Amino acid sequence: MKLKVLPPTLRKNNHYLTLDIKIASQIDKDDLVNIIWDACIRFKGECGTSNYNLWVMKFYEFENIDDYHHYKAIVRCQRDFVGEVRSSLALATRYNSSEMAISTIGVSGTIKASQKYI
């Protein structure tokens, strides 16, 4: 039997956050996933974070600024929890004893629209 696709009215609505990441050590996409999940779990716990529907869609590396590595990423989350995700990422300041700063550049409803912030 063929599976049916959910109609748009029953699908979860997603928003895409464009993040600007500055960190003292070099990271890759897997490290960013760990940073995001750890920050959200520390802020809201496992039960709250499970509702966020987090996913790292794209990860970009830019040239270094002074002693910091510069990255940008597009992260998907559920529309109702954008504020909680943004606040939990802003509270993340360390990863493996390296200082870091994560700021949200923009929020959009599609990946294509979120790429204009990069």
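In this predicted model, lysine 72 lies over the face of phenylalanine 62, at a distance of 5.5 Å from the ring centre.

**Aromatic pairs**

- A pair of aromatic rings is described by the distance of the centres and the angle of the planes.
- Because tyrosine 52 belongs to the loop between α1 (29–49) and β2 (55–65), while phenylalanine 81 belongs to the loop between β3 and α2, the pair ties together parts that are 29 residues apart in sequence.
- Tyrosine 52 has a relative accessibility of 1% and therefore counts as buried, the cut-off for that class being under 20%.
- Phenylalanine 59 and tyrosine 71 form an aromatic pair that is stacked, with 5.3 Å from centre to centre and 20° between the planes.
- Since phenylalanine 59 lies in strand β2 and tyrosine 71 in strand β3, this pair ties together parts that are 12 residues apart in sequence.
- Phenylalanine 59, at 23% relative accessibility, counts as partly exposed, whereas tyrosine 71 is buried, with a relative accessible area of 0%.

**Strand β1 and its partners**

- Seven of the 10 residues of strand β1 (residues 14–23) are buried, so the strand is largely enclosed by the rest of the structure.
- Strand β1 runs antiparallel to strand β3 (residues 68–78), to which 10 bridges join it, and within this pairing asparagine 14 has glutamine 78 of β3 as its bridge partner.
- Strand β1 is also joined by eight bridges to strand β5 (residues 98–108), again in an antiparallel arrangement, and here the bridge partner of tyrosine 16 is serine 108.

**Glutamine 78**

- Glutamine 78 lies in strand β3 and, at 15% relative accessibility, counts as buried.
- Leaving aside neighbours within four places in sequence, glutamine 78 is in contact with Lys12, Asn13, Asn14, Asn51, Tyr52 and Asn53.
- The C-alpha atoms of glutamine 78 and arginine 42 are separated by 18 Å, these residues being 36 residues apart along the chain.

**Serine 88**

- Serine 88 lies in helix α2 (residues 82–90) and, with 1% relative accessibility, counts as buried.
- The side chain of serine 88 reaches the backbone oxygen of valine 85 at 2.9 Å.
- Not counting residues up to four places away in sequence, serine 88 touches Ala39, Cys40 and Phe43.

Note on methods
Residues are numbered from 1 along each chain as its sequence is written. This is a predicted model: local features need pLDDT of at least 70, side-chain atom pairs count only at pLDDT 80 or more; totals for chains, interfaces and linings use all residues. Side-chain values use heavy atoms; hydrogens and water are left out. Helices (H or I, at least four residues) and strands (E, at least two) are DSSP runs, numbered from the N terminus. Buried means under 20% relative accessible area, exposed over 50%, partly exposed in between (1.4 Å probe, protein chains only). A polar contact is a pair of N or O atoms within 3.5 Å; within protein, one must be able to donate a hydrogen and the other to accept it, and residues adjacent in sequence count only if both atoms are side-chain atoms. Contact means heavy atoms within 4.5 Å. Two strands pair if DSSP finds at least two bridges between them. Rings of Phe, Tyr and Trp (its six-membered ring) pair if their centres lie within 6.5 Å; planes under 30 degrees apart count as stacked, over 60 as edge-to-face and the rest as tilted. A charge sits over a ring if NZ of Lys or CZ of Arg is within 6 Å of the ring centre and within 35 degrees of the ring normal.
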